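Dear colleague,

Please find the structure below.

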Amino acid sequence: MVSGHSNMPEWVYIGVVVALLCWVGAEAWNIERLVEHIPEDAKLIKVTGQQWFWTFEHEDGTKEIGELHVEAGKAYKFEITSKDVIHSFNIHDYVVLLDAVPGRVNTVWFAPTEAGEHDIQCREYCGLIHYNMRGTLYVSEAGA
Amino acid sequence: MVLEMARPRPIWQIMFSTHHTDVGLLYLITSLAFMFMGGALALSIRAELFFPGAQIITDAMTFNRIFTVHGTTLIFLFILPFASAVGNYFVPIMVRYKDMAYPKLNAIAFWMIPPAGALIWLGFADFTWYATPPYSVISAPGPAADMWIFGLKILGVSSILGSINFIVTILKCKHPDMPISKVPLLAWSFLSSSLIVLVALPTFAAALLMLLTDRLGVSGFFNPAVGGDPIAYAHLFWFTFHPEVYVLVIPAIGMMYEIIPRFSRKPIFSVTSGIIAFILLSIVSFASWAHHMYATGLSFTEKTVFMVGTLAAVPASAMHVFNFLATMWGGRIKFSTPMLWAIGGIALFFSAGAGGVVNSAMPLDFVTHDSYWVVGHFHLFVMGTILFGSVGYLYYMFPYVTGRMYNRKLGNIHFVLSFVGTVMVFFTQHVLGLFGMPRRVYDYPPIPEWIAMNQIATVGAMIIGVSMALFLINMLYSAARGKEADMNDPWNLGAKYYYPYERKNPQH
């Protein structure tokens with residue numbers, strides 16, 4: 001077909017777009033691979049979501065509701081599940097986000113670096129009081 | 001001219017007609033009515049979120065019902081029927097056939113929409129447009145939830161019937177002298193989106209039935225309490241509705257392919273490239289559904305596969321943008337109202353796509369997922385791209401439908417206000433998501449950044465509201481009293497309106 005113009009610019013443009021996407025994909029793959037590697041000394045915290053609060057169970061059997069106390073400088077592994085509908089466990093400041101699915105256990109880890117308080121919230125619609133299914137993460141000084 | 005004021009027809013003649021422009025008109029009016037209804041719900045959501053605490057909506061359940069019906073209405077009762085309206089008017093003309101292939105089926109497909117809309121609006125369900133199990137199975141109040149399921153079921157059948165009609169009209173009824181490569185890109189967009197519907201929709205149709213029997217307690221497909229798996233629903237749902245995103249956006253791109261060369265007074269840069277991009281999009285759209293599900297606990301391998309599938313859709317979309325810009329390049333552009341909307345649509349389409357690359361990159365998705373970032377992201381598609389393309393095309397087809405001209409000044413003000421409002425609402429919501437605000441919340445803690453950004457978004461939404469009120473006035477007034485349009489060349493482009501797709505069908 002005689003089009004009266006060169007298609008060269010389009011090919012160059014597509015090439016640049018594809019190259020950019022390859023770079024984004026490769027970087028994302030590499031970072032996710034590193035992020036998902038759970039340290040062996042990570043302490044286990046069992047997280048249970050239900051309408052409309054969070055329950056946390058530490059390795060030593062102590063339970064907390066709506067509050068989670070951890071120590072800075074240590075790694076923690078969350079095993080997340082739900083008792084009723086799907087929730088999503090989220091500590092936005094530490095990019096901890098994973099769905100709490102009834103009948104399944106999802107695992108994610110994090111290692112708080114400094115003492116402080118952070119919001120815990122539900123990120124998946126779970127009904128009437130979804131908006132207030134919130135909690136607080138208290139990070140204490142290392143060794144305290 | 002269907003609404004030709006010189007020869008008025010009684011309304012029942014249009015309602016019981018099977019002629020493609022009459023059915024198109026019914027689709028058009030229905031879809032616009034639902035657009036205003038869904039938009040009003042959006043304004044009430046934004047008003048509620050202006051401050052933390054209860055504002056105008058007194059309880060969370062009402063709020064949850066409002067955003068559910070808002071989403072369901074605008075996707076299924078505005079965007080899809082609006083595309084069908086444009087397709088009904090122009091596909092038969094573009095392939096030079098006297099009507100749609102199956103006129104009665106066409107009318108039936110339309111008449112399934114009002115009862116479905118009634119079910120959705122009278123029920124007013126609360127389980128989001130995604131109807132998440134097990135919430136939708138064990139917790140969502142009936143009969144609203146069941147009415148929603150039946151409404152969607154009816155809309156699904158209507159979509160399938162409409163798609164069959166478009167495919168047969170384009171492939172089998174096109175003029176024998178017209179090779180498929182000469183079929184205009186707008187008709188190509190309907191061909192590809194209809195093919196996607198046929199492949200994708202049956203999956204959701206099955207999932208809906210399974211959801212209904214789960215709710216009735218006779219099965220437990222998605223209910224973990226009896227051994228089911230809610231994640232299975234997520235797969236079935238997104239297998240249909242990720243491709244469905246392309247079903248929504250492809251006709252809008254097709255509409256831009258009509259507007260841009262016309263007002264640039266230059267042929268399309270490359271029709272072949274447009275066709276290839278449509279075909280690529282329809283195939284690749286099936287390779288990315290689980291990118292909506294990274295946070296459900298997919299394995300690393302699954303996430304990688306779906307990230308690659310998602311990124312693969314970007315070059316095809318980028319080809320369309322290139323094609324638009326290359327068509328405008330060096331053209332004698334006339335910035336009439338339809339062209340303004342199309343150009344705004346391209347800019348927002350590009351922004352939406354760039355944001356989408358961020359979502360698909362695995363580690364970043366855990367920042368943005370289910371936050372207001374996602375709300376901003378997909379609204380840049382449904383509002384910024386699809387509504388902008390659709391409204392632009394509506395201004396473009398206005399003389400054709402009514403024989404009259406819209407008020408150009410009001411049309412341009414409508415564009416400027418809508419564009420400013422859209423940027424204010426949805427760009428802000430991206431940032432709000434990065435600050436961690438979850439979507440679908442009735443109330444939020446008084447974090448200063450959250451309050452500020454919610455207020456910017458609400459002001460933007462009100463600006464859009466004002467622009468849409470002007471739009472409604474313009475459409476109603478101009479359809480009845482507007483200046484008679486010069487049907488040969490309504491925009492003084494120096495070329496014949498709708499050339500080269502002359503109307504071949506006899507006056508109804």
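Five strands of chain A form an open sheet of mixed pairing, in the order β4-β10-β9-β6-β7. (Two strands pair if DSSP finds at least two bridges between them; strands are DSSP runs of E with at least two residues, helices are runs of H or I with at least four, and both are numbered from the N terminus.) The edges of the sheet are β4 (67–71) and β7 of chain A; each has a single partner strand, so one side of each is left without a neighbour in the sheet. From one strand to the next, the twist averages 20°. β4(A) and strand β10 (residues 134–140) of chain A run parallel and are joined by five bridges. Across from A:His69 stands A:Tyr138 in β10(A).

Please note that this is a predicted model, in which local features need pLDDT of at least 70 and side-chain atom pairs count only at pLDDT 80 or more, while totals for chains, interfaces and linings use all residues. Residues are numbered from 1 along each chain as its sequence is written, and chains are lettered from A and ligands numbered from 1 in the order in which they are written.

The pLDDT is the predictor's confidence in each residue, from 0 to 100. Its mean for chain A is 92, and 97% of the residues of chain A reach 70 or more.

Where do the two chains meet? In chain A, 43 residues are in contact with 45 residues of chain B, contact meaning that the C-beta atoms, placed from the backbone, lie within 7 Å. The elements of chain A that give two or more residues to this side are α1 (8–35), β7 (96–100) and β9 (116–122). The largest share, 14 residues, comes from α1(A).

In chain B, the axes of helix α13 (residues 337–360) and helix α16 (residues 408–434) come within 9 Å and cross at roughly 10°. (Axes are lines fitted to C-alpha atoms, for helices over the stretch in contact, and angles run from 0 to 180 degrees between N-to-C directions.) α13(B) and α16(B) are therefore roughly parallel to each other, a term for angles under 35 degrees.

Note on methods:
Two residues are in contact if their C-beta atoms, placed from the backbone, lie within 7 Å. Angles under 35 degrees count as roughly parallel, over 145 as roughly antiparallel, 65 to 115 as roughly perpendicular and the rest as oblique.
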